Amino acid sequence: MHFEKTPGYKIISAWLQSKKQKPFAFQKEAWEGISKNESGLINAPTGSGKTYSVFLGALIRFINENPENFRTKEKNGLQLLWVTPLRALGQDIARAMEEAIREIGLAWKVGIRNGDTSTNERVKQKRGMPEILLITPESMHLLLAQKEGIQLFKYLQVMAIDEWHDLLGTKRGVQIELAISRLLGDRKPNKISIWGISATIGNLEEAAEVLMYPLGMATVPKIIKADIQKKIEVISVIPDEVENYPWAGHLGLKMAEKVIPIIEASNSTLIFINTRGMSERWYQRILEIAPQLAGQIALHHGSIEQELRLWVEDAIRTQKLKVVVCTASLDLGVDFHPVDTVIQVGSPKGVSRFLQRAGRSGHKPGQTSRIYFLPTYSLELMEAAALKKAIETGTIESREPLSLCFDVLIQYCCTLAVGDGFHPDQLFEEVKSTWCFQDLSKKEWEDVLLHIYQGGKALSQYDDYHKIEIENGLYKIKKRRLAMQHRLQIGTIVSEAMLKVKFMTGGYLGMIEEYFISRLKTGDVFTLAGRNLELVIIKDMTVMVRKSNAKKSIVPSWMGGRMSLTANLGHILRHTFQNALNNESTEELKNLQHLLHIQHEVSHIPAENELLIEYLSSKEGFHLLVYPFEGRQVHEAMSALLAYRISRQFPITFSIAMNDYGFELNSDTEIQVEKLDFKALLSTENLLSDIQHSVNNTEMARRKFRDIAVIGGLIYQGKPGEQMKARHLQSNSGLLFKVFTDYEPDNILLRQAYKEVLEQQMEEVRMRTALERIQKSTVVLKKPDQFSPLSFPIIVDGLNRNNLSSEKMEERIKKMQEKLLQ
Amino acid sequence: MNEIHFEIALQNLILSPLKVAYWTEQKALLLADLHLGKSGHFRKHGIGIPVEIIHADLDRLSQAIKKYQPEKLLIIGDFCHSRANSELEYFTEWRDLNPGLEIILVRGNHDILSDSLYSKWNIKVFDGIYETEGLTFSHDPINWAKHFNYVLSGHLHPGVKITGAGRQKITLPCFAFGKNQGVLPAFSIFTGLHPIKKEKTGQYFAISTDTVIQLL
């Protein structure tokens, strides 16, 4: 039968028609795919009906399979599993689905499963699963940690992974890959139709392949593109005075006055700020200069209490708010129809993030998204010009999938061991069917098993190591306390040690980093959720506060990772610089002419095929500045590499600073810089071993180990904000890193830390590409008498410094002392 | 290996990079925060910490005994980490090899083992403050009063931050001596560092691999 003649299709399209809607071509295509039990990826922007493309497909399939009694057939078991990265998204989608089901007239139920689901509801779900379950990756794994958890998926027909572009390349994405492999492994031959839903990224084919990999090579993933072009208007906010010696973040707040007229001319506005700390400041600043906005402005970031955030999201939808200052916390998800304007403060660091944020405005099909770019320092105007260019040419970043995440694998094995247990040989095959673990060797698998079964190296004489028990070849965790501990640990999002913030009178405000609060005394005033709060006392992992009327307060700096410029944007940026001088074609470049001229006079403006290097001295010592424009992260690795290679020629200690445009090696002794062969120093020869040597001395692997140790179960965190209940089991990742390095250097999690440094932190592949590009470039060495405009922000921004030394520790300390005594 | 001779309250101490101090007048080896059995405690709870840690700590203790030939060993608290586990058998073996040594423990917050174990190992245990003729010992730093001698403590796991030109910084374990009280570094390798604030009147000795360095 032709698909459009099936009863399911007819019923659904009739229902759409009753709402004066017509199915889009991509929806029809997806529906047909689902009814044929195919799998694939749907590429559609938010607000284009992507939810319907899978959800209605599952309904059509059900109707077609039960044409007689589809209206009355109840208790069908779980039919559609909907994985979503955000809890808030789940609620919104569930509401829409329930409404549709009611109108169409089915007996289906919709359930939500996440960290907030009540115990009562959980028990109900276990007795009888709803036909549709909306779930987060973490809760999905929690279900697998239940006894007979896999039984809940017995009747599953369709699995949707929403916002796959956001999960791909993260450990949560790996959790999804593993969950799919488990569901399919339990149901051979496979009968689940798997659908990813993704916004546009550079590597859509790969994104589809990763998701469908456990289905086997026989299945060619289908990619369905929604042919919906979104119009985007980018407007730069030009500062009144373009400083010639800019430094990051300096300008931002001064520009706040410029946003007021934009807010006033718009229906409702989202202001995206890159960090939580700055968003607090912006919120206060806007209220100071535009008090008339009181009551119509709200703040939204990851440390604000969940209920308050949900209220804010709801208030945007119902137009109670005119403006919301937010962070990446609002990047994803729910549709806010009233929003017609977005303001991006500071560099978005990548084209796709910028587009995603732009897309939060003008949500309805056919509407134009309007985004204002507000630079936090004048050089960022260059980025605005580059972003415009990128959007024009459709140059969007890829998301690289992760491979061989042993921490996630160890956690997953324990998850299954807590549930029904696993047979190692069978699980090995299943795990290997995922994209992430396709290259898992037998040896590595044995290391993983060894790690969880006997806690590392061979058992010694007196050892109480205890975790897994083997029963007829089945690996199980039987001790209740260990099982409980593990269930609390499931997940791959590792947060800093956080404390709850509460009013003395009761009322929960949000979370704050222990690191920040430990530096405050009773009576100090700080800002959270837009309020000034006086610290009264810290007890039981809770910060008790009262309202304060103090004018001055301290804004917490949350230690979220700093975002780095993408290779894609870096490339366009280099190109933009090439033609910057005397180029008045865009408003941004016109306004930067003075700064560019100073850069040109004092030093040089690098062309696309040039690598600019500056060398100068100041009272801070000697500064070697290199400008590859590859983003902070690549610069971190490249600077360590260069420092290491120079220090092999003569003993010298550098301290390193960087931003997205370049990096600085700062030393207290002078270098004969003309004698250095920079091309040789930045060659790809021996890259791997040199990188490994250069990072050995740095903090990178140690920092990576933090998350790995938590995910891999070496650090028991408990629930965020809750007091550590396990007595005498406290340790920190730095200490663990040290003892593993000294006493079990081949530990599988330690190895992973170094691998992650190489692949993610150093971005080895990207770095190699960058070095190859540099080999083809001309090195331009300048010795300016003063700091150039390009160097200034790097010099000022000394926060992210690493040390790398080839000098003996004692000598180094002595030198520091001499300096201190002067 | 480079150690430092240091005089405080008319008593002579040798500060050793082995993270012990040798008290010459009393022929006593001083140390704090051995946290014996910590790795075993973690392992018992399903966290696979390397098993070598306890051997490394006990080996270093033997090394210090061999070098200074003390008559007694004075542990200023946190001798053992938590409740008993099998790993402590290694200490029983160690004790059998060093039977003549007098061991004194000033109880710390982690010392929760049953008294029978201490008597099995022939360890004298003191609660709170332990006073001798020359010095006073307390696991936690105390509210110093005039009738006390100079007080030596542990508990803090002190680390000292050193900064210098080129914005370099590094934190090292240290001995810290104030006007009336001093703190010893944590002995065990499986302990973290707690950065302390340097005071003008204080004297600080950082430990860097096999050297003790006085900070000026």
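**Helix packing and overall form of chain A**

In the predicted model, helix α23 (residues 632-649) of chain A and helix α29 (residues 764-775) of chain A have axes that come within 10 Å and cross at roughly 70°. This angle makes α23(A) roughly perpendicular to α29(A), because angles of 65 to 115 degrees are placed in that class. On the side of α23(A), the contact is formed by V634(A), A637(A) and M638(A), which meet R766(A), M767(A) and A770(A) in α29(A). Sorted by class, the contact of α23(A) with α29(A) has five nonpolar residues, no polar residues and one charged residue.

A second helix pair was examined in the same terms, since two packed helices are described by the angle between their axes and the distance between the axes. Helix α6 (residues 137-144) of chain A packs with helix α8 (residues 171-186) of chain A at an angle of about 40°, and their axes are 9 Å apart. The crossing in which α6(A) passes α8(A) is left-handed. From α6(A), the residues P137(A), M140(A), H141(A) and L144(A) take part in the contact. Their partners in α8(A) are R172(A), Q175(A), I176(A), A179(A) and R182(A). By class, five nonpolar, two polar and two charged residues make up the contact of α6(A) with α8(A).

N69(A) lies in the loop between α3 (50-65) and β2 (80-83) of chain A. With 9 other C-beta atoms within 10 Å, N69(A) is exposed, because a residue with 12 or fewer such atoms is assigned to that class. The C-alpha atoms of N69(A) and L106(A) are 9.6 Å apart in space, while the two residues are 37 residues apart in sequence.

For chain A as a whole, the secondary structure comes to 31 helices and 26 strands. Taken along the principal axes, the C-alpha atoms of chain A fill a box of roughly 85 × 75 × 60 Å. The radius of gyration of chain A is 28 Å, which agrees with the value near 28 Å that a compact globule of 822 residues would have. Of the 822 residues of chain A, 48% count as buried. Among contacts in chain A with a separation of 6 or more, 76% are accounted for by residues 24 or more positions apart.

Methods: Residues are numbered from 1 along each chain as its sequence is written. Chains are lettered from A and ligands numbered from 1 in the order in which they are written. This is a predicted model: local features need pLDDT of at least 70, side-chain atom pairs count only at pLDDT 80 or more; totals for chains, interfaces and linings use all residues. Axes are lines fitted to C-alpha atoms, for helices over the stretch in contact, and angles run from 0 to 180 degrees between N-to-C directions. Helices (H or I, at least four residues) and strands (E, at least two) are DSSP runs, numbered from the N terminus. A crossing is left-handed if the near helix is turned anticlockwise from the far one by less than a right angle, and right-handed if clockwise. Two residues are in contact if their C-beta atoms, placed from the backbone, lie within 7 Å. Ala, Val, Leu, Ile, Met, Phe, Trp, Tyr, Cys and Pro count as nonpolar, Asp, Glu, Lys and Arg as charged, and the others, Gly among them, as polar. Angles under 35 degrees count as roughly parallel, over 145 as roughly antiparallel, 65 to 115 as roughly perpendicular and the rest as oblique. A residue is buried if 20 or more other C-beta atoms lie within 10 Å of its own, exposed if 12 or fewer, and partly exposed in between; C-beta atoms are placed from the backbone. The radius of gyration is taken over C-alpha atoms; the globule rule is 2.2 Å times the number of residues to the power 0.38.
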